Amino acid sequence: MHSDDVVWSMLGNRQFCSYKMTTKTQNFCRNEYNLTGLCNRSSCPLANSQYATVREEKGRCYLYMKTIERAAFPRRLWERVLLSKNYEKALEEIDENLIYWPRFIRHKCKQRFTKITQYLIRIRKLTLKRQRKLVPLRRKIERRENRREEKALIAAQLDNAIEKELLERLKQDTYGDIYNFPIHAFDKALQQQDAESESESDAEREEDEDDDDEDVDKREFVEAEDSELSDFEDMDKLETSSEEEQEEEEVEEKASHSKSKGKTPLKGPARRKRPHIEIEYEEETEPSTKTKAA
């Protein structure tokens, strides 16, 4: 027969209990089904055959109830009831399930359920809130990587210096036709020179285009040169001379026409009067006395 008083006398304040934790001021209970967390007669889950508590599992609250009728069946000792997510409905469910239970147990179950809902709300707020993440620093790995970076940088600088020196010697033809370094370095240098020359030519073209654009937009007023004026004067003289010649020809035609009245006209086309030409000759006279040949 199960007796609560006998169990409490065995597990009381003066006896040993594996769940009891003693301090200077008060004793606490570490049993997961304890309702208040204190080690006393009314809160001990082992010394009370009719007992109830509230527990939280994966964000949901459950009401656990123990009765004397199931004391002989440890497997079915606790009855679990899922409580609603709504706070008011959950309190009503606790009242319905513990309607004939002691008032102390009903009140403590409601109080425990309130505390659990409060810390669940705080957990949700903290998870949604942006938090700082502390990342541990590994000093040894950082020092090792820094040393490797420094060594790689020194090696790269040395390789570049050697490559430049060999290319300069190749340009100066120091060793003649004997070269023992790979050809891809020389090809790379030639490609760089071609790229530089192309970039310079493109830059010059762009500058020329910019200058042309600037020249197109500009407008200037320039004075007329003497040569141009002289050309215009020559053109005027030529026009006046041609007009005078035409007038002279017309006068000569009229005169010839008046002389030839009453005479038969000559066959063939009309002959024009040729201009009078004077020719001068210069003669060189040899001396009368000639030297006799010896």
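The questions below go from a helix to a hairpin and then to a cavity.

Modeller: Ground rules: it's a predicted model, where local features need pLDDT of at least 70, side-chain atom pairs count only at pLDDT 80 or more, and totals for chains, interfaces and linings use all residues. Residues are numbered from 1 along each chain as its sequence is written, and side-chain values use heavy atoms, leaving out hydrogens and water.

Biologist: Which elements do the buried residues of α3 pack against?

Modeller: Helices (H or I, at least four residues) and strands (E, at least two) are DSSP runs, numbered from the N terminus. Helix α3 covers residues 103–128, and its buried residues (under 20% relative accessible area, 1.4 Å probe, protein chains only) include Ile105, Cys109 and Phe113. An α-helix has 3.6 residues a turn, so residues three or four places apart point the same way. The buried ones pack (heavy atoms within 4.5 Å) against β3, β4 and α2.

Biologist: Why is β3 largely enclosed by the rest of the structure?

Modeller: β3 pairs with β4 in the antiparallel sense, where pairing takes at least two DSSP bridges between the strands. As for being enclosed, that's because of how many of its seven residues are buried: five.

Biologist: Which residue in the hairpin of β3 and β4 takes a positive phi?

Modeller: The hairpin has two residues between its strands. In β4, tyrosine 62 is the bridge partner of arginine 55. The positive phi, near 55°, belongs to lysine 58.

Biologist: How many charged residues are in the lining of the largest cavity?

Modeller: Cys17 and Asn34 are among the residues that line that cavity. By class, the lining has six nonpolar and two polar residues (Asp, Glu, Lys and Arg count as charged; Ala, Val, Leu, Ile, Met, Phe, Trp, Tyr, Cys and Pro as nonpolar; the others as polar). A cavity here is a set of points on a 1 Å grid over the protein atoms alone where a 1.4 Å probe fits but cannot get out, and lining residues have an atom within 4 Å of a point. The number of charged residues is none.

Terms used
1 Å grid on protein atoms, 1.4 Å probe; cavity = no way out; pocket = protein on both sides within 12 Å on 5 of 7 lines; lining within 4 Å. Expected span 1.5 Å × (residues − 1). Buried < 20%, exposed > 50% of the residue type's maximum accessible area, 1.4 Å probe, protein only.
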